[in-house]
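Welcome! Have a look at the sequence and the 3D view, and then take the short tour below, which goes from the whole chain down to single residues.

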Amino acid sequence: MGDIREPLRELTECGLPQALEVMGERWSFMILRASFNGLHHFEEFLSELGIARNILSNRLAKLVEHGILKRDPCADDKRKIEYRLTDKGLDLLPAMVALRQWGQKYGAEVVENPVLVDERDRLPIGPTAILSHDGRILGPADLHLVERANLGIRADGSKAEAGAALKRGGVVDIASARKAKSAA
């Protein structure tokens, strides 16, 4: 990934250790998955996940503390609490999908049912990918670490300008991107 390496002993200089501090164990991911599947109440999580009450209570509190879930009074019964995903929690969806796809590819032979599809066409979603600022699909050889002061300075010294970022619903022509990459 280039000539520069991340300071691997520094746990505060990288987002990965910070993310793992919050999400780095199985039950947090299972609760998050259940939240994406529409569960909102303590008792729903308890019965659907088969998790011990004390562990569930602890993990929910941690997810709320870190702003991934929020606690709201239930609309129809103010004595009950609902756990809802925040924007920060919703932003974990690509990571959840990537982990799911990795598990399906390298885990036990599991026939996925139900299948995760896109809403419009109801066809299976494509593989999660790393995209450049302008939507190009990147692989390991395309990734490099640079000092912040050198952002946008290409290897040949020329200056790159940020392209138009993809927005939700934007389309990447994967076949063309693969052809362009293989031609390069």
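From the N terminus on, the elements of this protein follow the order α-α-α-α-β-β-α-α-β-β-α. That gives seven helices and four strands. Please keep in mind that this is a predicted model.

**The protein as a whole**

- The protein has 184 residues, and 19% of them count as buried.
- Its accessible surface comes to about 14,200 Å², and carbon and sulfur atoms account for 55% of that surface.
- Among contacts with a separation of 6 or more, 47% are between residues 24 or more positions apart.

**How helix α4 packs against α3**

- Two packed helices are described by the angle between their axes and the distance between the axes.
- At what angle do helix α3 and helix α4 pack? The angle is about 125°, and the axes are 10 Å apart.
- Because angles from 65 to 115 degrees count as roughly perpendicular and those over 145 as roughly antiparallel, this angle makes α3 oblique to α4.
- The crossing of α3 and α4 is right-handed.
- On the α3 side (residues 42-49), the contact is made by Phe42, Glu43, Phe45 and Leu46.
- On the α4 side (residues 53-65), the partners are Arg53, Leu56, Ser57 and Leu60.
- Sorted by class, the residues of this contact are five nonpolar, one polar and two charged.

**How helix α4 packs against α2**

- Helix α2 covers residues 26-36, and its axis comes within 10 Å of the axis of α4.
- The two axes cross at roughly 75°.
- Since 65 to 115 degrees counts as roughly perpendicular, α2 is roughly perpendicular to α4.
- Which residues make the contact? From α2 they are Trp27, Ser28 and Ile31, and from α4 they are Ile55, Leu56, Arg59, Leu60 and Leu63.
- In this contact of α2 with α4 there are six nonpolar residues, one polar and one charged.

**The loop between α6 and β3**

- Most residues other than glycine have a negative phi, and most peptide bonds are trans.
- Where does proline 114 lie? Its place is the loop between α6 (93-106) and β3 (130-131).
- Asparagine 113 and proline 114 are joined by a cis peptide bond, with omega at about 5°.
- Arginine 122 is found in the loop between α6 and β3, and its phi is near 60°, a positive value in a residue other than glycine.
- Is arginine 122 buried or exposed? With a relative accessible area of 53%, arginine 122 is exposed, because exposed means over 50%.
- Threonine 128 also has its place in the loop between α6 and β3.
- Threonine 128 has a relative accessible area of 38%, so it counts as partly exposed, which is the range between 20% and 50%.
- Leaving aside neighbours within four places in sequence, threonine 128 is in contact with Pro94, Val97, Ala98 and Gln101.
- Threonine 128 and arginine 100 are 28 residues apart in sequence, while their C-alpha atoms are 9.8 Å apart in space.

**Two helix residues to look up**

- Leucine 99 is found in helix α6, and it is partly exposed, with a relative accessible area of 46%.
- How far apart in space are leucine 99 and phenylalanine 29? Their C-alpha atoms are 10.0 Å apart, although 70 residues separate them in sequence.
- Aspartate 87 has its place in helix α5 (residues 87-90).
- Aspartate 87 has a relative accessible area of 62% and is therefore exposed.
- The C-alpha atoms of aspartate 87 and leucine 69 are separated by 8.8 Å, and the two residues are 18 residues apart along the chain.

Note on methods: Residues numbered from 1 in each chain as written. Predicted model: local features only at pLDDT ≥ 70, side-chain atom pairs only at ≥ 80, totals over all residues. Heavy atoms only, no water. Buried < 20%, exposed > 50% of the residue type's maximum accessible area, 1.4 Å probe, protein only. Axes fitted to C-alpha atoms, helices over the stretch in contact; angles between N-to-C directions. Parallel < 35°, antiparallel > 145°, perpendicular 65-115°, else oblique. Left-handed = near helix turned anticlockwise from the far one by under 90°. Contact = heavy atoms within 4.5 Å. Nonpolar A, V, L, I, M, F, W, Y, C, P; charged D, E, K, R; others polar. Areas by Shrake-Rupley, 256 points an atom, 1.4 Å probe, with all protein chains shown as cover.
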